[in-house]
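Here is a short tour of a predicted model, meant to be read with the structure open beside you. Take your time and follow along from helix to helix.

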Amino acid sequence: MNNAKCSILNQIPRRRKRIIQCVYVVGFMDLFGVSMIIPLLSHHVKALGASPTVAGLVGSTYGILQLFSSTIVGSWSDVVGRRYSMLTCLLLSALGYGLLGMSTSISLFVLARIPVGLFKHSLSICRALLSDLVSEAERPLVMGHFNAASSVGFILGPVVGGYLTEHEGGFYTSSFTCAAIFLLNTGLVWLLPWSDALTPRANANYNSRASKASCHVNDNHVTSTQQNSSHGNSNNHTIASGPAVTESGAPETNQRVWSWDLDWGEVSLLQPAWRQLSSVGSKIRTVASSDMWDLFLVRLLMAIAIMLYYSNFSLAMEERFMLKPKATGYLISYSSTLGALAGCLVGPVTKLYGNDMPALLLHSTVLTCCLILLYAMAPSVWHVLLSSTFFAISTTIGRTCITDLELQKGGAHASGTLIGAGQSVTAVGRVLAPLLSGLAQEFSPCGPPSLGVGLALAAVALLLVRVPKWDGRCKRKEAKLDKTHRE
């Protein structure tokens, strides 16, 4: 009880806290560098002589590659370890942005986007690493702070990128600067105190995790965890020589979480490629066969709804309220800043809900749906300002909740695979949202957010049906655990 009243950050060991703070810096610099480039890409493609159709096709290359590579790279990080997977992604992303700085033709531009589209998953691996380093109770707060740090980088990056483009060869300067930032991130990741992460982490919240997290973990997770534990012991990556049995009949290894796989993974990076691919495929099949379709569907519906909210925001403000682009830009910056600050609210709100993430996800989804409806029916700019204020907060909390629930249901042993799969689902939304937005705008400037309201309502209805089943499953497994301990 006393631990619950203490600050969550103070519960994290000091050595591990150093790694977490360094990961925050990596996330900030990552999005800072990327956001320098994003606003300039379309202008550069047109400057190279591409037609609007070709520019659209070239622009979709990144999204399509991300769609197929997110889950694979995330699973690969589970297999070979966070350190080497993150170093590989950062180096190849730096290569891609360096090539972008030398792109003087459409073909070179497309070539530069390929390594970035395939390996720009450093943020996903950072989230998986944070999930490995902290307990379930600490995870929402740490993830919220990481999202806040990354969002600040995304806000400041366009300012620096815009300043650099005012000079001759500004796009190329921005591209090389971005590549240098990724190289700097590579050095930072290499110098992280990984030896601190290799020490065993006592699970102070074991009882709560046994009663809550196990409610969502399927039989495949239990089998995979046992296999991974025996594999790690056979390769002498852990200190324990084998799973000792306690008086309650439970293996002692369940009382302690080992972080050896952060550095070395389950399979060495030097192992044959077929063995790595086999392990990756096994993890992806485990996630695909798990009962997580509801969470992924909620993620997809809400991702499309949020993208529809922003899809024609500037044009709608001009047509509905005669708002100038400059004023709209201020409004978007205000919303983005609130979204970054909202990351710091995730921890306190989660504590307020008693770590009841399904209830928090349901309520944040309902609030997001209402705010999209308010924006679609707003009679004045002040109503839009009101919706934007709370929309940034509700979506930030909702994204953290959905990620946390995916990790709870899928298990920490496959955090990279789960986060990668979530990013792939979001990438599907990025492909569908522009198409749906274009169709909806044929009817009204309010068409995209109105369609977003419908999709958000579908997500709310799905959660209303599934959340009681999650709770029922939790109670049944709690009763089963209590019976096992009594025996």
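## Helical spans and their packing

Over residues 84-100 the chain is 100% helix and 0% strand, with the end C-alpha atoms 24 Å apart. Helices here are DSSP runs of H or I with at least four residues, strands are E runs of at least two, and both are numbered from the N terminus. Residues 21-42 are likewise 100% helix and 0% strand, and the end C-alpha atoms of that span lie 34 Å apart.

A word on the ground rules: residues are numbered from 1 along each chain as its sequence is written, and side-chain values use heavy atoms, with hydrogens and water left out. Since this is a predicted model, local features need pLDDT of at least 70 and side-chain atom pairs count only at pLDDT 80 or more, while totals for chains, interfaces and linings use all residues.

The unreviewed UniProt entry carries the annotation "transmembrane region" for several stretches, including residues 21-42, 84-100 and 170-192. Positions from that record are given in the numbering used here, its feature names are shortened, and its annotations may be inferred rather than shown by experiment.

How do two packed helices get described? By the angle between their axes and the distance between the axes. Helix α3 (residues 14-47) and helix α9 (residues 170-190) pack at an angle of about 160°, and their axes are 9 Å apart. The axes are lines fitted to C-alpha atoms, for helices over the stretch in contact, and angles run from 0 to 180 degrees between N-to-C directions. Roughly antiparallel applies to angles over 145 degrees, so α3 and α9 are roughly antiparallel to each other. The contact of α3 with α9 has 18 nonpolar, six polar and one charged residues; Asp, Glu, Lys and Arg count as charged, Ala, Val, Leu, Ile, Met, Phe, Trp, Tyr, Cys and Pro as nonpolar, and the others, Gly among them, as polar.

## The nonpolar core

The largest nonpolar core has 52 residues. Such a core is a set of buried Ala, Val, Leu, Ile, Met, Phe, Trp, Tyr and Cys residues joined through side-chain atoms within 4.5 Å. Tyr-97, Leu-100 and Leu-130 have the most contacts inside this core. The helices that each supply at least two of its residues include α3, α5 (82-100), α7 (122-133) and α9, and α3 gives the most, with 11 residues.

## Individual residues

Buried means under 20% relative accessible area, exposed over 50%, and partly exposed in between (1.4 Å probe, protein chains only). Ile-181 lies in helix α9 and counts as buried at 10% relative accessibility.

Most residues other than glycine have a negative phi.

| Residue | Phi | Loop |
|---|---|---|
| Met-322 | about 55° | between α15 (313-321) and α16 (325-342) |
| Asn-355 | about 60° | between α17 (346-352) and α18 (357-376) |

Is each of them buried or exposed? Met-322 is exposed, with a relative accessible area of 69%, whereas Asn-355 is partly exposed at 27%.

Definitions and conventions
Angles under 35 degrees count as roughly parallel, over 145 as roughly antiparallel, 65 to 115 as roughly perpendicular and the rest as oblique.
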